[in-house]
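I opened this model to get my bearings. These are my notes, in the order I looked things up.

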Amino acid sequence: MMRVYNYVSSTQALGPYNRFALWVAGCPFRCNHCMTPDAQPLDSGYEIDELELSRTINVTQDIEGITISGGEPFLQPKAISKMLENITNDLGVIVYTGFTMDKLLAKNCKDTTELLNKIDILIDGLYIDELNDGTQSLRGSSNQNIYQLTNRYDNVFDDYYHSNKRKIEIHLKKENIMVVGVPTKDTLGKIQDLWRKS
């Protein structure tokens, strides 16, 4: 079973092309001004069978890839790997993690290694609010690194990852409103002010 916070079936704000975006639940880092603080508790969100979630992704139309964030995906590497193994479409995989690549490799953990082997692009590092200068696409703060683990996105890498373009989308869901993307510090502050007032 996986613990999931939320998902949207189509977004263009978290990587190239149309993507399925998944936020897993549970995070140990508690970054200041976290974009999804409600996903931090280990018991947040809900449990779902990995195969059921992969079936949902398999029937989603017109997506090129999946972006996984959180929460912290590497708290559930085995479950996420199982989900990815059961996706029948050829989807590109982007994962955000608060761990650095060095720390992931130093774990010397089979489940962590198996998940890394299924990822095309890894964006690593904690979100540091003071370093959110709005100058880097898809990175919340300038300390974060982007690793191309495969050549899948070679043809669009410069356009997406060496620019300062940032997108955000608002998704209205039955249970809540999802802000999807990587906002600048000013935009994030305005969003969080609105949340506090509502």
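**Ground rules.** I am working with a predicted model, where local features need pLDDT of at least 70, side-chain atom pairs count only at pLDDT 80 or more, and totals for chains, interfaces and linings use all residues. Residues are numbered from 1 along each chain as its sequence is written, and side-chain values use heavy atoms, with hydrogens and water left out.

**Two helices meeting.** I started with helix H1 (residues 50–58) and helix H2 (residues 77–85). For the labels, helices (H or I, at least four residues) and strands (E, at least two) are DSSP runs, numbered from the N terminus. The axes of H1 and H2 come within 8 Å and cross at roughly 40°. I took axes as lines fitted to C-alpha atoms, for helices over the stretch in contact, with angles from 0 to 180 degrees between N-to-C directions.

Next I asked which residues of H1 meet H2. They are Glu 50, Leu 51, Leu 53, Ser 54 and Ile 57, and on the H2 side I found Ala 79, Lys 82 and Met 83. Contact here means heavy atoms within 4.5 Å. By class, the contact of H1 with H2 has five nonpolar, one polar and two charged residues. In this scheme Ala, Val, Leu, Ile, Met, Phe, Trp, Tyr, Cys and Pro are nonpolar, Asp, Glu, Lys and Arg are charged, and the others, Gly among them, are polar.

**What covers H2.** In H2 I noted Pro 77, Ala 79, Ile 80, Ser 81, Met 83 and Leu 84 as buried. Buried means under 20% relative accessible area, exposed over 50%, and partly exposed in between (1.4 Å probe, protein chains only). The cover over these buried residues includes H1, strand E1 (2–11), E2, strand E4 (65–69), strand E5 (92–96) and helix H4 (110–116).

**Cysteines.** How many disulfides are there? I got zero, taking a disulfide as a pair of cysteine sulfur atoms within 2.5 Å. For Cys 27 the closest cysteine sulfur is in Cys 31, 6.1 Å away, which is too far for a bond. Cys 27 is buried at 11% relative accessible area, and Cys 31 also counts as buried, at 19%.

**The loop between E2 and E3.** Gly 45 sits in the loop between strand E2 (19–24) and strand E3 (46–48). Is Gly 45 buried, exposed or partly exposed? I read a relative accessible area of 40%, so it is partly exposed. Leaving out residues up to four places away in sequence, Gly 45 touches Arg 3, Val 4, Tyr 5 and Ala 25. Its C-alpha lies 15 Å from that of Pro 28, 17 residues apart along the chain.

His 33 is placed in the loop between E2 and E3. It has a positive phi of about 65° although it is not a glycine, and at 36% His 33 is partly exposed.

Asp 62, in the loop between H1 and E4, has a positive phi near 60° and is a residue other than glycine. Asp 62 counts as exposed, with 65% relative accessibility. Last, I found a cis peptide bond joining Gly 70 and Gly 71, with omega about 15°. Gly 71 lies in the loop between E4 and H2.
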